[in-house]
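This report looks at charged side-chain pairs and at open space in one structure.

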Amino acid sequence: MNDVISQLGKILEERKDAPAESSYVASLYKNGLNKILEKVGEEATETIIAAKDAKTSGDNKDVIYETADLWFHTMVMLAELGESPVAVIEELKSRFNLSGLEEKANRKK
């Protein structure tokens, strides 16, 4: 899984230098952070709706699809901010063997 995320992260970085007409991601970068954040919000909403529908129908196909869109657009956001998706993976790794309650208590307020 980490290989797929790393590969996609590299592609997203490469698209920063591409002309906006050449790719969807390049056009997002050209339109700036606000447009990227709009897409993240849109995809988050679509993921929530798909999850509610999946709970009722028992079919997870749409929630998987929408979650992939959400992760993708979140990765574009990270790249726009100069971050790699690997940074998120490392953060998740740091939380192993740490209870959720303990992690929450350790957060800076």
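E90 and K93 form a salt bridge, with their closest N and O atoms 3.3 Å apart. The model in which this pair is found is a predicted one. E90 and K93 are three residues apart in helix α5, which means about one helical turn separates them. E90 is partly exposed, at 42% relative accessibility, and K93 is also partly exposed, at 44%.

Salt bridges with shared partners join K39, E42 and E43 into one network. Within helix α3 (residues 33–57), E42 and K39 lie three residues apart, or about one helical turn. K39 is buried, with a relative accessible area of 13%, because the limit for buried is under 20%. E42, at 33%, is partly exposed.

A further salt bridge links K16 and E13. K16 is partly exposed at 32% relative accessibility, and E13 is partly exposed at 35%.

| Salt bridge | Closest N and O atoms |
|---|---|
| E90 and K93 | 3.3 Å |
| K16 and E13 | 3.1 Å |

The largest pocket has a volume of about 290 Å³. It is lined by 11 residues, of which I5, W71, V88, I89 and L92 are the closest to its centre. Helices α4 (61–80) and α5 (85–94) each supply at least two lining residues, and the largest share, five residues, comes from α5. By type, the lining of the largest pocket divides into nine nonpolar residues, one polar and one charged.

Conventions
Residues numbered from 1 in each chain as written. Predicted model: local features only at pLDDT ≥ 70, side-chain atom pairs only at ≥ 80, totals over all residues. Heavy atoms only, no water. 1 Å grid on protein atoms, 1.4 Å probe; cavity = no way out; pocket = protein on both sides within 12 Å on 5 of 7 lines; lining within 4 Å. Points joined across faces, edges and corners; volume = space filled by probe spheres on them. Helix = DSSP H or I, 4+ residues; strand = E, 2+ residues; numbered from the N terminus. Nonpolar A, V, L, I, M, F, W, Y, C, P; charged D, E, K, R; others polar. Salt bridge = Lys/Arg side-chain N within 4 Å of Asp/Glu carboxyl O. Buried < 20%, exposed > 50% of the residue type's maximum accessible area, 1.4 Å probe, protein only.
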